Amino acid sequence: MDEPVRAEQAKEIQLMHRAPVIGIIILDGQSTPLPEPLEVAHDLSKSPNMQGCHQLLVVSEEQLKVFTLPKVISKLKLKLTALEGSRVRKVAVANFVSSKTEHSENDLAVLTNQGDIQIISLPSLKIQARYPCIRKEDVSGIASCVFTRYGQGFYLISPSEFERFSLSPKWLVEPRCLVKALENRENSHGHSTSGTERTSKKSNSSIRDSRQTSGEPGGDERMTDRLMEHALLNDENVLKEIQSTLEDGRGSYYNRSSGRIQVGHTLSNGGE
């Protein structure tokens with residue numbers, strides 16, 4: 001059975017400027033932060049260097065301070081607020097690898113309330129570089145910024161978008177693909193037109209089907225009339241009867257019209 005973890009207070013550190021503490025980092029003999037125990041157990045990280053003197057880095061909003069372990073004696077100090085008037089908001093240790101050689105070193109990446117990022121060497125606490133990154137008015141972007149272990153970072157530029165940046169020349173943030181916007185627009189336009197044609201054809205066919213199946217005028221009645229007309233025109237007996245009826249109708253109409261003319265003639269003379 002595993003023994004319970006116990007912690008006892010050995011020594012208390014009090015900062016004279018009373019500023020809020022942003023982070024506490026323990027560095028081994030090679031100025032590398034101690035890895036997480038689970039990462040070492042699963043071979044996800046190298047074991048820490050237990051030789052040499054370990055150091056404790058305390059980062060507050062106004063300054064950075066290094067203490068030696070295990071005696072906890074103050075060794076170095078860097079005041080940011082007193083020199084530049086800025087306050088620390090985010091801090092992380094990053095591994096910077098050279099793009100030309102295999103040289104690498106661990107430095108401290110610090111984001112201030114002014115939106116700039118400073119690279120500070122460890123454990124000497126010397127400012128190596130300074131880059132403007134986020135607008136100082138963008139409070140949400142500064143609060144959401146996070147750093148990776150290899151000198152990259154992310155921060156929100158809107159509630160649904162984030163921006164990525166890199167502080168290391170080894171890992172450049174650049175697009176790895178090409179997008180042809182014009183062809184995509186043409187293809188999308190072609191797809192949209194073909195889609196509208198298909199929908200119009202489908203709608204016409206559905207209207208025809210609905211007319212045939214429903215009881216609307218122009219549906220079953222039109223189909224019945226067409227079938228009757230086709231059957232009558234193809235029957236010879238029916239055609240003969242229609243022709244004879246038309247001829248009889250013409251003759252009777254001619255006789256009636258001629259009789260009317262004669263009667264009118266006799267009445268106009270008045271002799272008969």
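Where does V72 lie? V72 sits in the loop between β3 and β4, where strands are DSSP runs (E, at least two residues) numbered from the N terminus. Before we go on, a word on the ground rules: this is a predicted model, in which local features need pLDDT of at least 70, side-chain atom pairs count only at pLDDT 80 or more, and totals for chains, interfaces and linings use all residues. Residues are numbered from 1 along each chain as its sequence is written, and side-chain values use heavy atoms, with hydrogens and water left out.

V72 is not a glycine, yet it has a positive phi of about 55°. At 18% relative accessibility it counts as buried (buried means under 20% relative accessible area, exposed over 50%, partly exposed in between, with a 1.4 Å probe and protein chains only). P70 is also placed in the loop between β3 (63-68) and β4 (73-79), and the peptide bond leading from L69 to P70 is cis, with omega near 5°.

Now look at the loop between β7 and β8, which holds P123 and L125. The peptide bond from L122 to P123 is cis, with omega near -5°. L125 has a positive phi of about 55° although it is not a glycine, and with a relative accessible area of 6% L125 is buried.

Strand β7 (residues 116-121) and β8 pair in the antiparallel sense over 5 bridges, and D116 stands opposite P132 in β8.

Finally, the rings. The whole structure contains 3 aromatic pairs; rings of Phe, Tyr and Trp (its six-membered ring) pair if their centres lie within 6.5 Å, and planes under 30 degrees apart count as stacked, over 60 as edge-to-face and the rest as tilted. F147 and F165 have ring centres 6.3 Å apart and planes at 85°, so this pair is edge-to-face. It links distant parts of the chain, with F147 in strand β9 (residues 146-147) and F165 in strand β11 (residues 161-166), 18 residues apart. Both F147 and F165 are buried. F154 and F162 also form an edge-to-face pair, 5.6 Å centre to centre with 70° between the planes. Here F154 is partly exposed at 27% relative accessibility, while F162 is exposed at 56%. Ring pairs also join F147, Y155 and F165 into a cluster.

Conventions: Two strands pair if DSSP finds at least two bridges between them. Helices (H or I, at least four residues) and strands (E, at least two) are DSSP runs, numbered from the N terminus.
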